[in-house]
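Colleague: Could you walk me through how to read the features of a model like this one? I would like the general idea each time, and then the case at hand.

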Amino acid sequence: RIVRTEFRGAKKVTRGRIVEVLARGHNRFVGTVATVGGRFVVEPDGNQFTDPVVVGDLTAKNAKVGDKVVVELTQYPRAGRPAEGVIVEVLGVRGDPGVDTLGVIRQFNLPDTFPAEVLEQAGEAARSFDPAEALSDSRRVDLRDELIITIDPATARDFDDAISLTRTGDGWRLGVHIADVARFVPPETALDREAVNRGNSVYFPNFVIPMLPEALSNSICSLQQNEDRLVKSAFITFDRGGNVQREEFANAVMRSRCRLTYEQAQAVIDNRGADGIPAEVVVLLREMNTLAHVIYDRRYKEGMLHLSLPKVQLELDGNGKVVDAHPEDTSFSHTIIEMFMIEANEAVARLFDRLGVPFIRRIHPEPPAEDTRQLSTFARICGHAVSKRLDRFAMQKLLANVEGKPESFAVNLALLRSLEQAVYSIKDEGHFALASRHYCHFTSPIRRYPDLHIHRLLEDYLAGKFSAKDRKRHRLDADKAHLVTLAKRCSYTERRAEQAERELAEVKVLELLSEHVGDHLAGVVTGVTHVGLFVQCSRYMVDGLVRFADMPDDYWELNPRAGAVMGMRSGKQIQIGDLVEVQIVKIDLARRELNLRLVKDIGRKGSLGDLMQDSPKAAPPRPTEGRIQRKGRPERRLNGGRGRGRRGRR
């Protein structure tokens, strides 16, 4: 039964009442041991399950009050009766180094250890690797004398893509060289089955759960500097307008000449310094920058969308504790690599489409008309005149209009939420955001299983196995049934990884902010609801809730049409996109909640930089009766239940 609607970003969110539970999706949860009314309970983390779980004697697992534990429910809550459960694992004392990471791993049921058989197979593959033996294969091209480099984040733990680039008479010849993981992971082996089970690597701020054991992912499959490595290479020839003229593929051996970070590459491009970087690499970087701009301009004209939704970059000490946070670097060096990877992914997808071979695609359907109409409404609320039915070119114009403005993040987030989620599928539906007709994932086989699947198909192509005889209809139909299941599995594990990564980042930021209760922060209003305002704290890229009780004394009402809340006595209007100064009131780490107080509404004049400089620190406010609503209310959620975009997941 519908009981309430509210305005969250570009969409009206309908709230309802559960009338019947048909089945339970989870029976294990992570939480903290506490005492309530003389009984031991586990207070669950997050918002999946919010009721305290009564547990019996703690001695069976040597648990203590304050420990982070995994609890298995034996009885779900019923009318008048609390949930009951047993502790199955003690993770450690809440707040100790690594316990929060382990808690998220258990919360999302992530596999964090490899079976012995898998480790043995990976170790044997690493021990038996001989580059000279690989070069004896006449079909493998020797690229070790070519100028090939890698560009990755400073904290990267594996390197699966490298770049070469040469000028031609009428354009460029780009080489995208990807670690030949398929060479070391035979199908239908224990190693392969474990990779399917994991689906992808999971990247936490100070910890990685790899898809493949480190003997592969951080050793012989990683394109480390000055090491001979096996790759699958895509060579793409472009004209001066960035249009593809020719595509070639090969098995190869390469040796990375230089390992660069994005910051180092950008410094060279901006002429801010090239200390220690060979002159030939400097020339290569500037040529890469030129081609990437040409490709970007071409793709933009074709309708590609490029959202501005930076993640938070965490600074950690040696114990894994967050000591600072700020928006991630978004310099054009990231876009250089992104453009080249997109072109390689498209080239491989076009190849298999020409061959008529079924494969796992990366698809992104066109958004439903209703969602784009809601986005249009939201854009007009933010002061931008747009048509009711937004195509990709109108979306491009909207993003350009909000660039650098206070409402930019809110509009980018609303546009993201109006789009369908990109998934893995064998359906030929194209990729809306990239304006791409043919698309797959080929460039990250160390950390994504769909890419490994594509590498195996490319190996068959290079071995001449896609003759007409080999592509009989009955064989392709059999492949499709398997690929449908595999694509669904990979889509699921990707979503799980994204949720876990986002969850731990929020926990880390809130841990940092919990030491700064009472401080003032600069932010932007990103949502309005019947209980208050959602504000994104701009430095920490995290959303908090300002309840009406923590706003200037007035009677506040929601105005969904205006995307605002109105003060009935003062006539004051606070709208989505407004700059605000807020104060940290309370942080609930278990519930992932940040409660704020409104200090000042700046509106849409001024800049975030000025506001952050002018925001003083203040003593913590005195608790106010009734400010914090009852535990378990659905309104009390960090980010208001909204998803975040992530670069690199195209």
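Predicted model: local features only at pLDDT ≥ 70, side-chain atom pairs only at ≥ 80, totals over all residues.

Colleague: Which backbone nitrogen does the side chain of Asp67 reach?

Modeller: That of Lys64, at 2.9 Å. Leaving aside residues up to four places away in sequence, Asp67 also touches Gly31, Thr32, Val33, Asn62, Val90, Gly92, Val93 and Arg94.

Colleague: And where does Leu58 lie?

Modeller: Leu58 is in the loop between β5 (53-55) and β6 (67-75). Its relative accessible area is 8%, so Leu58 is buried as well. Among the residues Leu58 touches, with those up to four places away in sequence not counted, are Val33, Phe40, Lys64 and Ile87.

Colleague: Which parts does the pair of Phe129 and Phe184 tie together?

Modeller: Phe129 belongs to the loop between α2 (116-127) and α3 (131-135), and Phe184 to the loop between β11 (171-179) and α4 (190-198), so the pair ties together parts that are 55 residues apart in sequence. Phe129 counts as buried because its relative accessibility is 15%. Phe184 is buried too, at 6%.

Colleague: How does the pair of Phe352 and Phe359 compare on distance and angle, and what is it called?

Modeller: Phe352 and Phe359 form a tilted pair, with 5.6 Å centre to centre and 50° between the planes. Both of these residues are buried. Elsewhere, ring pairs link Phe29, Phe49 and Tyr76 into a cluster.

Colleague: Which charged ends sit over rings?

Modeller: Two cases are worth a look. The charged end of Arg183 sits over the ring of Phe184, 5.4 Å from the ring centre. The charged end of Arg362 sits over the ring of Tyr424, at 4.6 Å from its centre.

Colleague: Arg362 carries a charge, so let's turn to salt bridges. How many does a search of the whole structure find?

Modeller: The search finds 45 salt bridges. Arg362 takes part in one with Glu494, where the closest N and O atoms are 2.9 Å apart. This pair links distant parts of the chain: Glu494 is in helix α13 (residues 473-513) and Arg362 in strand β19 (residues 361-363), 132 residues apart. Glu494 is buried, with a relative accessible area of 6%, and Arg362 counts as buried at 2% relative accessibility. There is also a network: salt bridges that share partners join Glu247, Arg298, Arg299, Glu302, Glu343, Glu346, Arg350 and Arg354.

Colleague: Which salt bridge has an exposed partner?

Modeller: Arg246 and Glu248 give one example, their side chains meeting at 3.5 Å, N to O. Arg246 counts as exposed at 53% relative accessibility, whereas Glu248 is partly exposed at 26%. Another example is Arg272 with Asp270, at 3.4 Å. There, Arg272 is exposed at 56% and Asp270 partly exposed at 37%.

Colleague: How many disulfides does the structure hold?

Modeller: In general, a disulfide is a covalent bond between the sulfur atoms of two cysteines. This structure holds zero. As for individual cysteines, Cys382 counts as buried at 1% relative accessibility, and so does Cys490, also at 1%.

Colleague: One last stop: which residues of α4 are buried?

Modeller: In α4, the buried residues are Ala190, Leu191, Asp192, Glu194, Ala195 and Arg198. Following α4 comes Gly199, whose phi is positive, near 80°.

Methods:
Residues numbered from 1 in each chain as written. Heavy atoms only, no water. Helix = DSSP H or I, 4+ residues; strand = E, 2+ residues; numbered from the N terminus. Buried < 20%, exposed > 50% of the residue type's maximum accessible area, 1.4 Å probe, protein only. Phe/Tyr/Trp six-rings, centres within 6.5 Å; stacked < 30°, edge-to-face > 60°. Lys NZ or Arg CZ within 6 Å of the ring centre and 35° of its normal. Salt bridge = Lys/Arg side-chain N within 4 Å of Asp/Glu carboxyl O. Disulfide = S-S within 2.5 Å. Contact = heavy atoms within 4.5 Å. Polar contact = N/O pair within 3.5 Å; in protein donor to acceptor, adjacent residues only side chain to side chain.
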